[in-house]
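Please look through the sequence and the model shown below before reading on. The report that follows takes up pockets, the sheet and helix packing in turn.

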Amino acid sequence: MVVDKKVLLYSGGLDSFILRYSMYFNTIIHFEVGTEDEQQEKLLVDMDTGVEYIYLPLQQFELPNKIIPFRNYLFVLLAANYGNRIYIGSTLGDTTRDKDRVFQSLCGSVLNYFGTVKEKMPYEAEQFEVCMPFKDRTKTQIVGEFLSFCDVSRSE
């Protein structure tokens with residue numbers, strides 16, 4: 001049976017937090033990478049339920065500018081073990097290459113090249129996709145839409 005499973009890469013940052021509460025996900029994954037900055041965002045993740053924690057110590061690869069090269073690529077590859085639609089909280093203002101449209105397309109191609117070999121996957125999927133639903137909007141727009149959604153939800 002072919003499945004369509006949505007997986008959220010959940011950092012606990014603003015983008016992934018709003019994604020988390022904007023749609024349904026089969027699996028919500030938080031990668032613990034061991035950096036100091038991670039501790040701030042992790043506060044929201046720890047208050048949440050239904051989050052799967054995966055320890056992936058990457059702190060030794062952190063550059064002085066706080067970037068961990070290939071971080072989101074590693075996350076996407078590991079998340080593909082849980083589902084074929086992998087969601088990343090990427091916005092219009094993100095400048096790192098592992099959150100742009102080229103990255104999105106290339107990851108999808110790699111996942112589809114390797115992941116559609118049925119006997120080598122934990123589930124059967126027709127197609128993989130890296131999803132960035134906020135990529136064309138700013139953080140301000142996303143927060144505004146989310147707050148409007150929350151107001152509408154409360155009034156019903």
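Which residues line the second largest pocket? The lining is made up of L77, A80, N81, V110, L111, F114, G115, K120, M121 and F128. This is a predicted model, in which local features need pLDDT of at least 70 and side-chain atom pairs count only at pLDDT 80 or more, whereas totals for chains, interfaces and linings use all residues. Residues are numbered from 1 along each chain as its sequence is written, and side-chain values use heavy atoms, with hydrogens and water left out.

**Pockets**

A pocket here is an open set of points on a 1 Å grid over the protein atoms alone, where a 1.4 Å probe fits and protein lies on both sides within 12 Å along at least five of seven lines; its lining residues have an atom within 4 Å of a point. Grid points are joined across faces, edges and corners, and a volume is the space filled by probe spheres set on the points. In the classes below, Ala, Val, Leu, Ile, Met, Phe, Trp, Tyr, Cys and Pro count as nonpolar, Asp, Glu, Lys and Arg as charged, and the others, Gly among them, as polar.

| Pocket | Volume | Lining by class |
|---|---|---|
| Largest pocket | about 1000 Å³ | 17 nonpolar, 11 polar, 13 charged residues |
| Second largest pocket | about 160 Å³ | 7 nonpolar, 2 polar, 1 charged residues |

The largest pocket is lined by 41 residues, and R71, N72, T96, D98 and K99 are those that lie nearest its centre. Two or more residues of this lining come from each of helix 1 (14-20), strand 2, helix 2 (38-47), helix 3 and helix 4, where helices (H or I, at least four residues) and strands (E, at least two) are DSSP runs numbered from the N terminus. In the second largest pocket, helix 4 gives the largest share of the lining, with 4 residues.

An open sheet is formed by 5 strands in the order 3-2-1-4-5, with parallel pairing; two strands pair if DSSP finds at least two bridges between them. Strand 3 (51-55) and strand 5 (129-131) are the edge strands, each pairing on one side only. Strand 1 (residues 6-9) pairs over 3 bridges with strand 2 (residues 27-32), where L8 stands opposite I28 and L9 opposite I29. Strand 1 also pairs over 3 bridges with strand 4, and there K6 stands opposite R85.

**Helix packing**

The axes of helix 3 (residues 71-79) and helix 4 (residues 101-115) come within 11 Å and cross at roughly 35°, an axis being a line fitted to C-alpha atoms, for helices over the stretch in contact, and angles running from 0 to 180 degrees between N-to-C directions. N72, Y73, V76 and L77 of helix 3 make the contact with F103, C107, V110 and L111 of helix 4, contact meaning heavy atoms within 4.5 Å. By class, this contact has 7 nonpolar, 1 polar and no charged residues.
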